[in-house]
Amino acid sequence: MSSRKQTPPSFPWTEGEKYSSSNNSKFIEVFYYFFTLNTIPYVLVRCCALLFLFLSASWLLLLLFCFPPATTTTSSNDVVREQAQVAEPQSPFKIPTCDKNMSVYVYTLPPQFNLGLLSQCNNLSIKANMCPAVANSGLGQPLNYSRVGHSAVTSSWYTTHQYTAEIIFHARLQNHPCRVQDPTRASLFYVPFYGGFDALSKYREANLTARDELTFSLVDYIQAQPWWQRNHGKDHFMALGTVVWDFMRTMSKASASCSSSSKVRTPGTLLKLPAAENMSVLIIERHPWQPNQHGIPYPSYFHPSTWREMAAWQRKMRLMERPHLFSFVGARRKYKAAIRNEFIRQCGESTRCKLLNCEGPDGARRCLQPREIMRVMTRSQFCLQAPGDTPTRRSTFDSVLAGCVPVFFSRHTAYSQYAWYLPGDASRYSVYIDDKSNATRRIEEELLKISSEKVKMMREEIIDLMPSLTYAHPNATDFGFGDAVDVALASLAKHIGELIN
């Protein structure tokens, strides 16, 4: 039986290639032999490789554990704060600050001097029920202003009554950052007496004893306080929401007033008393020649809680289309205010004038609606501001809020009243026409003489004045601009400092 010759295992190369290879080919042959065949060297090499990989990985993990890479950790609060810093714009307005010269102590008076009066709001005025007006810290009823085409936060617009400044002022100071609870730290002392509403409630009181009863009680109470004695009241102040003529009856005129009928308005004596003359009095219409009296703005309808609301409204008024050259909101008057009749005549004859006549039941109703008033003023370039029962008008501040340049016919309507609030150069923000001049008979012609560039400059000036002539919402504490109360406090601090020092 013949034996078969065993065939050796084949390799990936041919015999000729095998013997013609270089030293590298021999190395490959040996490598293949050890790593592809099931031999003991192959197993040992494989085990050594696995051991090397295991030891290397273990060493790397040990290094990472002992020497972790430096990282920056950021908490969620830090992330929110950084995002806020990036996304939150800063207020463009000057923000008032408090210091030792502007620290206010608010007296807590017996309620009959302020809040107790409001509890009888249905009897505060012989002309109307004042309960809706004194609600919401004197702001009145909320107004949804977006109904007349202006986007605004509902809670910032109110049907604010012209005589509620004393309530708003009190409410603002209750939450003001400059308020101090310790009277030893105070530089200013605020007496929250609602003298205006006391005057309104006794509008036709013929009995002078009854008329002045609350006034005398207030003076006795304040003069008995230890902090009054420190400077004899020179560092004390009050804010009054009606005009000065409600408080200027002298005692020598008592007999004349006493003989008047109940149909005649009877002024009080508050501002003629020596104690009140020692104090500073903030009032919506001052006596031009009384140095202790300082005019503050009538409250209008806008009471923003943030600077964004104020900035948004200013921006809107800058872009507002104003098709009317001038406008007038009001009714006819007699005697000193008879110039109103001329306004109504000229406005009715002009195609460039918009008239909101407040006469008659329908006219009176429309003139009590802020939407109607603002709709006229925001679409006008100039707003005529004639004196009414007294020289000043709330309409002046409505026109500023509307971005409408006021046209005055008496210097006592604004120029002699609000020195703390208005620029000294009246031509920067207003037009003045002497009510005794012939120019009052050709108002349209006078206004057309003013260039469009000048009108734009005046409008920009009054838009810039808006924050300081506005009463911010009393519940707001950090709204990012100085309002009418802030201006009054800063000016008071300077004025009283000069008096005492």
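Colleague: Is Glu359 buried, exposed or partly exposed?

Modeller: Glu359 counts as partly exposed, because its relative accessibility is 31%. Buried means under 20% relative accessible area, exposed over 50%, and partly exposed in between (1.4 Å probe, protein chains only). Before we go on, please keep in mind that this is a predicted model, where local features need pLDDT of at least 70 and side-chain atom pairs count only at pLDDT 80 or more, while totals for chains, interfaces and linings use all residues. Residues are numbered from 1 along each chain as its sequence is written, and side-chain values use heavy atoms, with hydrogens and water left out.

Colleague: Thanks! Which residue forms a salt bridge with Glu359?

Modeller: A salt bridge is a side-chain nitrogen of Lys or Arg within 4 Å of a carboxyl oxygen of Asp or Glu. Here Arg332 is the partner of Glu359, with 3.1 Å between the closest N and O atoms. Arg332 lies in the loop between β6 (324-330) and α14 (339-349) and Glu359 in the loop between β7 (353-357) and α15 (360-366), so the pair ties together parts that are 27 residues apart in sequence. Those element names come from DSSP runs, numbered from the N terminus: helices are H or I with at least four residues, strands are E with at least two. Arg332 is partly exposed too, at a relative accessible area of 43%.

Colleague: How many salt bridges does the structure hold?

Modeller: There are 19 salt bridges. One of them joins Arg249 to Asp212, whose closest N and O atoms are 2.5 Å apart. This pair links distant parts of the chain, 37 residues apart: Arg249 sits in the loop between β3 (236-243) and α11 (254-258), and Asp212 in helix α9 (residues 208-223). Both Arg249 and Asp212 are buried.

Another salt bridge brings together the side chains of Arg318 and Glu460, at 2.9 Å from N to O. Arg318 belongs to helix α13 (residues 307-319) and Glu460 to helix α19 (residues 452-465), so this pair ties together parts 142 residues apart in sequence. Arg318 counts as partly exposed at 38% relative accessibility, and Glu460 likewise at 32%.

Colleague: In what order do the strands of the open sheet run?

Modeller: Two strands pair if DSSP finds at least two bridges between them. Here 5 strands form an open sheet in the order β7-β6-β8-β9-β10, with parallel pairing. At the edges are β7 and β10 (431-432), each of which pairs on one side only. Between β6 and β7 there are 5 bridges, and Gly330 stands opposite Asn357 in β7.

Colleague: What do the buried residues of α20 pack against?

Modeller: Contact means heavy atoms within 4.5 Å. The buried residues of α20 pack against several elements, among them α7 (165-174), β2 (188-190) and β4 (280-285). Leaving aside neighbours within four places in sequence, the contacts of Leu173 include Phe237, Val485 and Leu489.
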